[in-house]
Amino acid sequence: MPEQPRARYAYLGPEGTFTEAALRALVGDEDVDTLPCADVVTALEKVRTGEADFAVVPIENSVEGGVNATLDTLATGAPLVVVGEMVVPITFVLAGLPGTALADVRRVATHPHAWAQCRGWAARQLAGAVHVPATSTAAAAAHLADAGALAGYDAALCSPLSAERYGLEVLATGVADNPRAVTRFVLVGAPGALPDPTGADKTTLMVHLPDNEAGALLHMLDQFAVRGVNLSRIESRPIGDSLGRYSFSIDLEGHIAEERVQATLIGLHRVCPLVRFLGSYPRVDGVAHRQAPGTSDADFIAAREWVEGLLDGGI
């Protein structure tokens, strides 16, 4: 029997990123091929082109909110679906070339979300230091280790693993302003069979609102509320074709296999110009959603059967 090819996972690289840690947690002991990518867009596009079976990318940070590159790339282009999620605690160190003193640091490279999580500490300990944006925390560490004094910055804010992997010296620990910060990562694949419902699931959508219609946002939110569907995340994103036009990136509690979620999607499709389904998948925390009275599958089925009976001449 021929050996099955190993699954290919693209991720926001290089090696040593928090995204790689999320990938390892998601695949467990499975033997896979990993494809580090320079940015989120590249990782997701590798799934669209068939160069990878899945991509692991950050989607939400507990301090900075949604990761725009992920939200926008999922919202446009060939369809992709989220099939899993992972939450990773975020711990930063300030790392530099061996021999660098903390007092010498004037320019610090890291991902913008990482800088936002450490800027209070930086303001206190590195007064006047300038942030140099990097595609990832590990990329900042890798480039500093490779280019040395020619890197264009003095230190990197990165994970302890990145500092160790790239041979940098840790100049300071405990640099995050919020020690409980976490980042949520998603496992993304091509459309196909969805993960089975578990009773503790999320569904991700992207929804456009009608233009210049009073109460459009309320009308959209009503589709969830009247069916007892709770939202765990909602963020607005500009559509990009003109000022004042926005889409909404939404996580709801529940699975598309559930009657109440299906009814919500039907309602959204009826009143919104564009609804994009981005997957139903198990929640990483395993917390089952609470169903309001009258919103279980049995309730919806019983109501539908009652109407069908009326159509057949019943009362």
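Modeller: In this predicted model, Glu 253 touches, beyond its neighbours within four places in sequence, Asp 201, Val 229, Asn 230, Ser 232, Arg 260, Arg 283 and His 289. Glu 253 belongs to strand β14, which spans residues 246-253. Its relative accessibility is 16%, and because the limit for a buried residue is under 20%, Glu 253 counts as buried. One of its contact partners, Arg 283, is also joined to Glu 253 through the side chains, by a polar contact of 3.4 Å.

Arg 260 is one of the α8 residues that make the contact with α9. Helix α8 covers residues 259-271 and helix α9 residues 297-311; the two pack at an angle of about 65°, and their axes lie 8 Å apart.

As a separate point, helix α4 deserves mention. The 14 residues of α4, 112-125, reach 18 Å from the first C-alpha to the last, close to the expected 20 Å. A kink of about 60° is centred on Cys 118. Cys 118 is itself buried, and the other buried residues of α4 include His 113, Trp 115, Gln 117 and Trp 121.

Notes:
Residues numbered from 1 in each chain as written. Predicted model: local features only at pLDDT ≥ 70, side-chain atom pairs only at ≥ 80, totals over all residues. Heavy atoms only, no water. Axes fitted to C-alpha atoms, helices over the stretch in contact; angles between N-to-C directions. Helix = DSSP H or I, 4+ residues; strand = E, 2+ residues; numbered from the N terminus. Contact = heavy atoms within 4.5 Å. Buried < 20%, exposed > 50% of the residue type's maximum accessible area, 1.4 Å probe, protein only. Polar contact = N/O pair within 3.5 Å; in protein donor to acceptor, adjacent residues only side chain to side chain. Expected span 1.5 Å × (residues − 1). Bend = angle between axes of the 7 residues up to and from the residue.
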